[in-house]
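Here are my notes on this model, point by point. Please read them with the structure open.

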Amino acid sequence: MKRIDLLKRRQARLKEDIMANLDFLIGTVGKSPSMAGHNLTTKVEGKTVSLYVRKDLSRKAKEMTRRYKKLRLLIQKLSKVNWEILKLDNE
């Protein structure tokens, strides 16, 4: 099998994995000792913003923030594969 074919198969698989992980939240879910609930903390225009997360939603919110980290890695891998395909297409 040619290298370009392998790369295109890897590209298709990464796209599927990315599509499966689009239910995400950017930020970190944490519990403040002085508060009863949890907070989703993220940066918005250079400032830290915290949103209240109800206790019953904290587990799902943490899962969604983990999904974002996974999504970032998948996009980086896809970028590398796309670069390799681009180089081979121009030969």
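This is a predicted model: local features need pLDDT of at least 70, side-chain atom pairs count only at pLDDT 80 or more; totals for chains, interfaces and linings use all residues.

1. Start with Leu25. Leu25 sits in the loop between H1 and E1. With a relative accessible area of 27%, Leu25 is partly exposed.

2. The aromatic pair. How many aromatic pairs does a search of the whole structure find? The search gives one. The partners are Phe24 and Tyr68, with ring centres 5.5 Å apart and planes at 25°, so the pair is stacked. The cut-off for stacking is an angle under 30 degrees between the planes.

3. Where the pair sits. Phe24 belongs to the loop between helix H1 (3–19) and strand E1 (28–31), while Tyr68 belongs to helix H2. The pair therefore ties together parts that are 44 residues apart in sequence. Phe24 has a relative accessible area of 29% and is partly exposed. Tyr68, at 21%, is partly exposed too. Tyr68 does not count as buried, because that label requires a value under 20%.

4. Salt bridges, overall count. Side chains of opposite charge can pair when their charged atoms come close. A search of the whole structure turns up eight salt bridges.

5. Which side chains meet that of Arg13 in salt bridges? One is Glu16, at 3.3 Å from N to O. Another is Asp17, at 3.4 Å from N to O. Glu16 and Arg13 are three residues apart in helix H1, so about one helical turn separates them. Arg13 and Asp17 are four residues apart in helix H1, so they too are separated by about one helical turn. Glu16 is partly exposed, with a relative accessible area of 49%. The threshold for exposed is over 50%, so the value for Glu16 falls in the partly exposed class.

6. Arg54 and Asp56. These two residues form a salt bridge, and their closest N and O atoms are 3.2 Å apart. Asp56 counts as exposed, at 58%.

7. A charged network. Salt bridges also link Asp23, Lys60, Glu63 and Arg67 in a network.

8. The positive patch. Which residues form a positive surface patch? They are Lys62, Arg66, Lys69 and Arg72. Arg66 lies in helix H2 (residues 55–89). Its relative accessible area is 51%, so Arg66 is exposed. Lys62 is also found in helix H2. Lys62 is partly exposed, with a relative accessible area of 33%.

9. Lys62 and Asn90. What separates the C-alpha atoms of Lys62 and Asn90? The distance is 43 Å, for residues 28 apart along the chain.

10. Helix H2 and Leu7. Lys80 is another residue of helix H2. Lys80 is exposed, with a relative accessible area of 60%. Between the C-alpha atoms of Lys80 and Leu7 there are 10.0 Å in space, against 73 residues in sequence.

11. Leu6 is found in helix H1. At 43% relative accessibility, Leu6 counts as partly exposed.

12. A backbone angle to look at. Glu45 has a phi near 50°. This is a positive value in a residue other than glycine. Where is Glu45 found? Its place is the loop between strand E2 (38–44) and strand E3 (47–53). Glu45 counts as exposed, at 80% relative accessibility.

Terms used:
Residues are numbered from 1 along each chain as its sequence is written. Side-chain values use heavy atoms; hydrogens and water are left out. Patches are made of residues with over 30% relative accessible area and no salt bridge: like charges are joined within 9 Å, nonpolar side chains (Val, Leu, Ile, Met, Phe, Trp, Tyr) within 5 Å. Accessible areas come from the Shrake-Rupley method with a 1.4 Å probe; for residues, only the protein chains shown count as cover. A salt bridge is a side-chain nitrogen of Lys or Arg within 4 Å of a carboxyl oxygen of Asp or Glu. Lys and Arg count as positive and Asp and Glu as negative; His and the chain ends are not counted. The place of a charge is taken as NZ of Lys, CZ of Arg, CG of Asp or CD of Glu. Helices (H or I, at least four residues) and strands (E, at least two) are DSSP runs, numbered from the N terminus. Buried means under 20% relative accessible area, exposed over 50%, partly exposed in between (1.4 Å probe, protein chains only). Rings of Phe, Tyr and Trp (its six-membered ring) pair if their centres lie within 6.5 Å; planes under 30 degrees apart count as stacked, over 60 as edge-to-face and the rest as tilted.
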